[in-house]
Amino acid sequence: MPDTATSSTLVRGACPHDCPDTCALLTQVENGVAIKVSGNPAHTHTDGVLCAKVSKYTERTYHPERVLHPLRRTGPKGSGQFERITWDEALREIATRLGGIAQRNPQAILPYSYAGTMGLVQGEAMAARFFHQLGASLLDRTICASAGGAGLTHTLGGKLGMRVQFFAEAKLILIWGSNSIGSNLHFWRLAQEAKRRGAKLVCIDPRRSETAEKCHVHLALRPGTDAALALALMHELIQHDWLDHDYIERHTLGWPALRERALQWSPERAAEVCGLEAQQIRDLAHDYGQCLVRGEPAAIRLNYGMQRVHGGGNAARAVACLPALIGAWRHRAGGVLLSSSGAYPTRREALQRPDLLGNRRPRVLNMSTIGDILLHQGDASWGPKVEALVVYNSNPVAVAPESGAVVRGFAREDLFTVVLEHFLTDTADHADIVLPATTQLEHWDIHTAYGHTDVLLNRPAIAPLGETRSNTQIFRDLARAMGFDDPCFADSDETLCRTAFDGLIDFDVLLRDGFASLPLPDAPFAQGGFATPSGRCEFFSEALQRSWGDGLPDHVPNHEPAGSDARYPLAMISPPARNFLNSTFVNVKSLRDIEAEPVLEMHPTDAAARGLRDGQAVRVFNDRGSYHCVLRLNGRARTGVVNGLGIWWRKLGLNGTNVNELTSQKLTDLGGGPVFYDCLVEVSEVSAA
Ligand SMILES: Nc1nc2c(c(=O)[nH]1)N[C@H]1C(S)=C(S)[C@@H](COP(=O)(O)OP(=O)(O)OC[C@H]3O[C@@H](n4cnc5c(=O)[nH]c(N)nc54)[C@H](O)[C@@H]3O)O[C@H]1N2
Ligand SMILES: Nc1nc2c(c(=O)[nH]1)N[C@H]1C(S)=C(S)[C@@H](COP(=O)(O)OP(=O)(O)OC[C@H]3O[C@@H](n4cnc5c(=O)[nH]c(N)nc54)[C@H](O)[C@@H]3O)O[C@H]1N2
Ligand SMILES: [Mo]
């Protein structure tokens with residue numbers, strides 16, 4: 001509604017956060033100030049609704065602690081002591097340091113980034129061009145989704161699956177490793193609609209999450225046992241012949257072998273591994289099988305929570321096999337959805353320009369082991385020691401596993417660290433130079449999603465605050481300071497937005513509406529057509545047989561299985577706290593006030609065995625470290641499993657650590673992912689340290 005006294009506009013944008021929902025935003029701007037951010041009602045998936053976090057977006061953008069000008073370190077690393085410097089000084093100093101290192105060996109320079117913004121432009125466009133031109137080490141961006149992604153790709157052919165809107169028509173929905181109310185709110189609304197139309201909802205999660213308590217059935221299995229459950233479900237489908245033989249025959253590969261494997265997994269055997277009752281498994285198989293018998297659609301919303309364990313890739317693969325067995329893919333409301341990101345025909349190479357590497361082939365370093373990487377002295381086979389690190393869109397000191405090692409690495413006095421940030425995070429505190437970055441309200445970007453299949457355009461709503469610059473502008477400036485003269489370093493943000501889907505999506509529609517849908521079939525695999533090498537749903541994968549030594553999905557036990565170490569009898573998972581987004585928003589007071597303090601949830605029986613009380617400060621520990629938090633006996637934890645909600649800033653915690661003090665740098669079976677939820681601990685009173 002235009003205001004006559006002031007100038008008031010609504011600017012169309014996109015939520016930049018790492019969340020399946022990627023909402024369309026409307027920012028109300030008055031006299032150049034963003035007053036309020038709301039969901040765009042014209043965008044079907046957003047439907048005018050935002051989560052609590054992003055409703056606070058202006059509080060975050062205008063936060064008094066925003067970094068508004070470049071900073072140079074004056075105290076010890078990690079102290080957070082800085083002096084203000086000019087952009088010229090900052091750029092000159094960075095160009096000199098990086099230039100010097102690059103002359104000896106550019107692979108001693110490492111970029112480190114993840115999904116602080118999911119935008120294709122402020123994410124990996126100009127930054128990727130810069131590091132490609134430099135010939136820096138490449139980063140394998142594994143910290144979230146690579147195990148599940150690999151599992152899905154080896155089974156269905158990519159990060160592909162059901163179209164989210166059709167969940168509303170399903171008759172059975174398995175919400176598997178997902179706290180949808182907390183992390184995928186707009187999907188939850190579709191599940192609610194299905195429930196109103198008579199669907200049964202089943203949640204498979206070790207934690208009695210906000211979502212689990214609202215489903216009809218909750219299977220609180222032990223962390224890292226999902227493949228055993230999936231194989232036992234197959235066992236029951238086979239025993240009762242709840243199988244779509246025609247679909248299996250025509251559209252799958254390796255059924256006789258998978259059948260034989262599944263027949264080894266009786267519900268009793270799986271129940272033992274999963275910590276469930278065999279009858280619970282039989283009942284679930286019955287519900288799933290009955291969908292075939294009645295010709296009703298059965299849908300699975302898989303999320304990344306279940307793949308942060310040693311066997312995460314195999315587990316995602318085992319679950320992804322289920323829909324083909326009952327021919328669920330025949331229905332548009334049947335199948336599985338883990339991620340839809342593979343549906344986008346993004347012009348990634350045009351954005352990121354890997355050709356700028358020429359014939360150089362830099363090494364690839366796995367971001368999930370950043371602690372070990374920074375502590376490596378370098379050798380002939382591994383390559384040079386990392387001498388410079390440039391961090392953007394990420395807070396590794398808080399989010400990467402085994403913080404003890406990560407902090408020791410970041411504390412190296414001989415490491416030159418540049419951090420592009422909005423705030424002085426735990427990571428920025430370790431920087432030599434901090435560069436102030438714009439937020440989503442201040443820059444252009446274009447977005448894909450992993451929980452729906454629309455493209456969204458984000459226009460800047462306000463001018464950059466203080467001396468902040470967008471990531472793209474910073475890398476353009478650094479390119480100039482380094483003397484890179486390829487014309488691609490002059491591309492504007494709007495040009496980059498146009499490049500992302502050039503010739504594929506009408507940019508004028510994006511400019512007009514703020515979003516556009518991909519033209520996709522309703523039911524992706526109704527007639528087969530999987531994107532695998534065989535074109536079938538690959539129960540058996542030739543590629544995995546070669547690389548992993550087993551072409552069939554199997555239960556791969558945790559690196560740290562329950563009961564394997566008497567000193568650490570509790571399995572710990574660390575799923576997100578609802579009002580934080582990874583470590584983002586922890587410094588936004590209104591949201592931190594809701595979460596109140598770092599929490600560990602425990603079952604009353606486990607607490608009684610240790611003489612621990614609700615509300616007490618406890619020490620959670622293992623050989624890797626020790627983390628203080630507040631104990632909650634709130635009915636959400638199962639026996640033998642504790643839930644350490646993530647991801648607090650270390651410096652805002654009780655003893656200067658967070659839950660990643662305890663997690664390990666071991667990796668998943670497939671995809672080289674981290675194993676945050678495969679972690680044994682013990683808990684005691686704080687005073688018992
Ligand atoms: N509010 C909020 N939303 C978020 C995030 C956030 O931090 N906060 N994170 C975002 C990100 S980065 C991502 S990747 C996505 C997905 O983010 P995820 O981290 O997958 O988020 P959740 O949906 O909470 O799923 C985790 C669920 O898996 C359960 N879980 C843990 N271990 C196991 C297991 O072994 N098996 C099974 N079956 N379940 C297990 C946890 O108890 C939890 O309820 O969500 C995004 N959305
Ligand atoms: N124990 C445990 N650890 C986990 C997880 C868990 O479940 N348990 N989850 C893991 C998962 S799924 C993920 S995805 C990772 C997430 O790890 P990260 O991607 O590092 O996520 P955040 O902690 O949200 O940090 C993002 C940072 O980017 C900054 N940022 C945002 N936008 C911009 C921008 O435009 N420019 C610049 N320069 N900076 C920007 C934000 O201020 C923020 O500090 O954490 C992982 N760590
Ligand atoms: Mo993630």
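These numbered points describe a predicted model of one protein chain, from the whole fold down to single residues.

1. Overall size. The protein chain has 689 residues and a radius of gyration of 25 Å. Along its principal axes, the C-alpha trace spans about 70 × 65 × 60 Å.

2. Secondary structure and contacts. The chain contains 23 helices and 29 strands. Take the contacts between residues at least 6 apart in sequence: 76% of them join residues at least 24 apart. Both figures describe the protein chain as a whole.

3. Burial and surface. Of the 689 residues, 63% count as buried. The accessible surface of the chain comes to about 24,200 Å², and carbon and sulfur atoms account for 49% of that surface.

4. Charges. The chain carries 69 positive and 76 negative charges. The mean position of the positive charges and that of the negative charges are 1 Å apart.

5. Thr-22 and Asn-31. Each of these residues has a positive phi without being a glycine: the angle is about 30 degrees for Thr-22 and about 50 degrees for Asn-31. Thr-22 lies in the loop between strand 1 (8–14) and strand 2 (24–30). Asn-31 is found in the loop between strand 2 and strand 3 (33–39).

6. Helix 4. This helix covers residues 126–134, and eight of its nine residues are buried, so that the helix is mostly covered. The buried residues are Met-126, Ala-127, Ala-128, Arg-129, Phe-130, Phe-131, His-132 and Leu-134. In general, an α-helix has 3.6 residues a turn, so residues three or four places apart point the same way. After helix 4 comes Gly-135, which has a positive phi near 80 degrees.

7. Arg-332. This residue sits in the loop between helix 13 (312–325) and strand 13 (335–337). Its relative accessible area is 33%, which means that Arg-332 is partly exposed. Which residues does Arg-332 touch, not counting residues up to four places away in sequence? They are Met-162, Phe-166, Glu-169, Asp-522 and Ala-523. Polar contacts link the side chain of Arg-332 to the side chain of Glu-169 at 2.6 Å and to the side chain of Asp-522 at 3.1 Å. Ser-541 is 209 residues from Arg-332 along the chain, and the C-alpha atoms of the two are separated by 26 Å.

8. His-555. The loop between helix 21 (542–547) and strand 24 (570–573) holds His-555. With a relative accessible area of 16%, His-555 is under the 20% cut-off and so is buried. Leaving out residues up to four places away in sequence, His-555 touches Gly-224, Thr-225, Ala-227, Ala-228, Leu-231, Trp-265 and Val-273.

Key. Residues are numbered from 1 along each chain as its sequence is written. Chains are lettered from A and ligands numbered from 1 in the order in which they are written. Side-chain values use heavy atoms; hydrogens and water are left out. Helices (H or I, at least four residues) and strands (E, at least two) are DSSP runs, numbered from the N terminus. The radius of gyration is taken over C-alpha atoms; the globule rule is 2.2 Å times the number of residues to the power 0.38. Buried means under 20% relative accessible area, exposed over 50%, partly exposed in between (1.4 Å probe, protein chains only). Contact means heavy atoms within 4.5 Å. Accessible areas come from the Shrake-Rupley method with a 1.4 Å probe; for residues, only the protein chains shown count as cover. Lys and Arg count as positive and Asp and Glu as negative; His and the chain ends are not counted. The place of a charge is taken as NZ of Lys, CZ of Arg, CG of Asp or CD of Glu. A polar contact is a pair of N or O atoms within 3.5 Å; within protein, one must be able to donate a hydrogen and the other to accept it, and residues adjacent in sequence count only if both atoms are side-chain atoms.
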